[in-house]
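Thanks for making the time this morning. I would like to walk you through one structure, slowly, so please have the sequence and the model open while I talk.

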Amino acid sequence: MAERVEALSSNGASSNGSDLDAVETSEWLEALDAVVAHDGPDRARELLRRVVERAQHAGTGPIASLNTSYVNTIPPEREAKLPGDPAVERRLRSIIRWNAMAMVIRANKASSELGGHIASYQSLATLYEVGFNHFWHAPSADHGGDLVYFQGHSSPGNYARAYLEGRLTEEQLDGFRQEVSRPRGLSSYPHPWLMPDFWQFPTVSLGLGAITSIYQARFMKYLQARDLVDTEGRKVWAFIGDGEVDEPETMGSIGLAGRERLDDLIWVVNANLQRLDGPVRGNGKIIQELESDFRGAGWNVIKVIWGSRWDPLLAEDTDGRLLKVMEDSVDGEYQTYKSRDGAYVREHFFGKDPVLLERVAHMSDEEIWLLNRGGLDQQKVYAAYHEAVDHRGEPTVILAKTIKGYGMGASGEGQMVTHQAKKMTEDALMAFRDRFDLPLTDEQVRNAAYYRPPDDSPEMRYLRERRDALGGSLPVRRRRAEHSLPVPSLELFSSQLTGTDDREISTTMAFVRVLAALLRDKQLGRHVVPIVPDESRTFGMEGLFRQVGIYSPFGQRYQPQDSEQLMFYKEDEHGQILEEGITEAGSISSFIAAGTSYSVHGVPMIPFYIYYSMFGYQRVGDLIWAAGDSRSRGFLLGGTAGRTTLNGEGLQHEDGHSHVLFSVVPNVRAYDPAFNYEVAVIIHEGLRRMVGEQEDVFYYLTLMNENYHHPAMPEGAQDGILRGMYLLRPSAVDGPHVQLLGSGTILNEVLAAASLLEEDFGVAADVWSVTSFTELRREGLEIERWNMLHPESEPRRSYVSEQLGAREGPVVASTDYIRTFADQIRQWVPGRYRVLGTDGYGRSDFRSALRRFFEIDRHYVAVAALRELVDEGVIEPARVQEAIERYEIDPEAPLPTTV
Ligand SMILES: Cc1ncc(C[n+]2csc(CCOP(=O)(O)OP(=O)(O)O)c2C)c(N)n1
Ligand SMILES: [Mg+2]
């Protein structure tokens, strides 16, 4: 871990704050000053470190703090100077500010229904513009491109810049938040799904940009280490709101970035001191709080608090009086200062110390008002970015102090309500124009007219020159990798297609074999990214540790305890497995990074993220939604799935609904396979579609840990497996007919039920393997819609009605999921349909006991089928009673949802 800056937490005060020996104190301080003067700050730091060490040996306890004073980290004399033309940059920024505001105002003139935000971008503009003008590379022949995670609700700023760059028209700006009624309307926030050539990273669900940016930076190191993509010199930049840091997803993974020394990562926290309702830390200071958090996590911290106009005052502050007032003031006060005026700041800030009041007596109220904040000062921001991009060995966070609603005056600047302001008064608009010197007539101001300087103006030339020098426009998204990878034939998985004979295996084992075969494939193998959240042994994947290695930037600095064994725990700089530890949010972030690599890096990668199904959608649903928005491609494997199949683990582990949750994601293809050949066929099809055809879909498969025999793949089953159902076992019995549907492990119960029905009751039961109720529903809805809208055409038939319509009798389904899952196809089932399912909380017991409890076992399936035949008038009720007794079913057992 790189050495951290440490400073004494207090200036030698005793516990009650008084100085016991002022002379001694000043001698020590003078000695320190002398060291700094003669040998420099590094020597001073080393000496202090030794002194602190000695003191701690003597039992003082912790005395160092991770905080530095409430001033800029980079002193003025060390600042890199902003190159180019600062005046032109200011003018450009002002124009972009105006247009960003105008588009929100114009959208809301028609109706306030559309919404939008003004204040956030106004606080960020300088932080963005310095990046655009000097740092952010677009992908080009000589640079792979930087990756910028823009703040979601500041999108008007991005659109306003794209307008100046000629990428968007006025008409498009006027289509902000109108994506249906206007064909080229602009999405509210960054959504690759909605603007696939523009936005790269969905960030608006707060916290998601933060965590996914960390795992993106880590994935770039992984790609580099594995010689797949040259990511050297590329940076990930993420803009984080100071309110957003309260999300666990924001701060929860900063330790990974520090630990793995992700020096390709730069975060900029826009400390505008406000969130939606009010101050972020009214009674404290968010910048100071974050400084110690990040430094503790091994980050390089650069504070950009004060603008250049403060430099002379700070230089003059040899007695520390100004610093003390700065330190003593809390964010709630800092917010209020900037919502008032210079006279107020004089009285309430400088007025805290009469000596300071004297010191600023020569300044007018106007001059005091113009004392600027670091994050709004292009010179200070440039210096910080300059240092950040050159920093090696640690990620960097820039803590930039700004003002929310900057420039909005009485309509928003520093106001509690500014976050949601979508309108500005006419006076405030005029003041905005004057403050930013915009060449607009009163009439144009009133109309919130867009403004673009002539093409040959110095501003426009500068804008183009800067972006040309940096490779073009940003953000920009690549829709497809240039080359698709060749997908081998299904033969690659041939050993999964022929049945297991006497051996009993689980679908999890079948998956691991499929994965192992893929990893060995010459073309695809290198592109596979196995991702596990500390669960490899659970799924029997430990064999892969040795085979392909666990990625670690540090290799393996120890001899593993199991080094003598064949499958030892092998960490490796070139390792292929991402062993994430216990973080499902982190793992899905890696999934997104790998699953969008075709777009972000132009190289398709194939993530296989396997986890306890209960800790999937339920735990990180919002990230899965973002994976869909990002057009991620890859496989999510919900391991040990099912409410009665993962039987011993009880209520929090037993998943009876992840399929229902996944059914809501439009581009997910979700399957609940029962047999190893189904697993192989589905994965092969996924590869064909995602890797071969480059379709923007991703797959969810549930896998089970129950061992049983797997038959050979029936002739011609492939199409049905992929569409969602196929007839697995037609009945040979002559008698009343029923159709039994099953999925996952419960298909075995359904097969057993068919035998019971045939043997005990002479009922002919056909058995269907339903691999995806969700896919069946999707197709059914599509057909239904087509039929509704084409009333005079021959109606089409859904796959479900076509398949079941060709057989006779009522239909019964049983699965290890809640009834909603199998109920999805109800309207296309011809005739009667009864669904059994595991509604209710899980609990621990033997599988057979749980399946009886949830009323999904073979006996319940048989009883349900008989009951349906009664309702059809085919058999007598007594036959059902007979079955209830024969199978020892308790008709008075409690309803599973109530116990
Ligand atoms: C997960 C989530 N929760 C809540 C919101 C609603 N929301 C959008 S912006 C915002 C306030 C953001 O404050 P901050 O992070 O400080 O950003 P600022 O606008 O001040 O730059 C809130 C609550 C959201 N977008 N995502
Ligand atoms: Mg904020």
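Predicted model: local features only at pLDDT ≥ 70, side-chain atom pairs only at ≥ 80, totals over all residues.

Let me begin with R261, which lies in the loop between α8 (254–259) and β5 (265–271), where helices (H or I, at least four residues) and strands (E, at least two) are DSSP runs numbered from the N terminus. Residues are numbered from 1 along each chain as its sequence is written, chains are lettered from A and ligands numbered from 1 in the order in which they are written, and side-chain values use heavy atoms, with hydrogens and water left out.

Back to R261: its phi is near 50°, a positive value in a residue other than glycine, and at 35% relative accessibility R261 counts as partly exposed. On that scale, buried means under 20% relative accessible area, exposed means over 50%, and partly exposed is in between, with a 1.4 Å probe and protein chains only. T640 also has a positive phi, of about 45°, although T640 is not a glycine; T640 is found in the loop between β13 and α25 (658–662) and, at 3% relative accessibility, counts as buried. While we are on the backbone, please also look at the cis peptide bond that joins L474 and P475, with omega about -5°; P475 has its place in the loop between α19 (458–469) and α20 (507–520).

Now to the metal. Which residues coordinate the magnesium ion, ligand 2? They are D242 through OD, N272 through OD1 and Q274 through O, at 2.1 to 2.2 Å, and along the chain these donors follow the spacing D-x29-N-x1-Q. Donors here are N, O and S atoms within 2.8 Å of the metal (3.2 Å for Na, K and Ca), and since water is not among the atoms, sites may look incomplete. Both N272 and Q274 are buried.

Ligand 1 has 18 residues around it, of which S120, H153, D242, G243 and K404 come nearest, a residue being near a molecule or strand if one of its heavy atoms lies within 4 Å of it. By class, the shell around ligand 1 has three nonpolar, ten polar and five charged residues; Ala, Val, Leu, Ile, Met, Phe, Trp, Tyr, Cys and Pro count as nonpolar, Asp, Glu, Lys and Arg as charged, and the others, Gly among them, as polar.

As for individual atoms, a polar side-chain atom of H153 lies 2.6 Å from an oxygen atom of ligand 1, an N or O atom in the side chain of Q151 is 2.9 Å from an oxygen atom of ligand 1, and a polar backbone atom of Q274 is 2.9 Å from an oxygen atom of ligand 1. Taken alone, ligand 1 exposes 590 Å², and the protein buries 75% of that, with areas from the Shrake-Rupley method and a 1.4 Å probe; for residues, only the protein chains shown count as cover.

Let me finish with the charged pairs. The structure holds 54 salt bridges, each being a side-chain nitrogen of Lys or Arg within 4 Å of a carboxyl oxygen of Asp or Glu. In one of them the side chains of E129 and R161 meet at 2.8 Å, N to O. Because E129 lies in helix α3 (residues 119–134) and R161 in helix α4 (residues 155–164), the pair ties together parts that are 32 residues apart in sequence. E129 is buried at 2% relative accessibility, and R161 is buried with a relative accessible area of 1%.

What separates the partners D871 and R867 in helix α33? Their salt bridge has its closest N and O atoms 2.8 Å apart, and, being four residues apart in helix α33 (residues 858–871), the two are separated by about one helical turn. D871, at 31% relative accessibility, counts as partly exposed, and R867 is partly exposed with a relative accessible area of 36%. Elsewhere, salt bridges that share partners join D317, D319, R321, D353 and R359 into one network.

Conventions: Polar contact = N/O pair within 3.5 Å; in protein donor to acceptor, adjacent residues only side chain to side chain.
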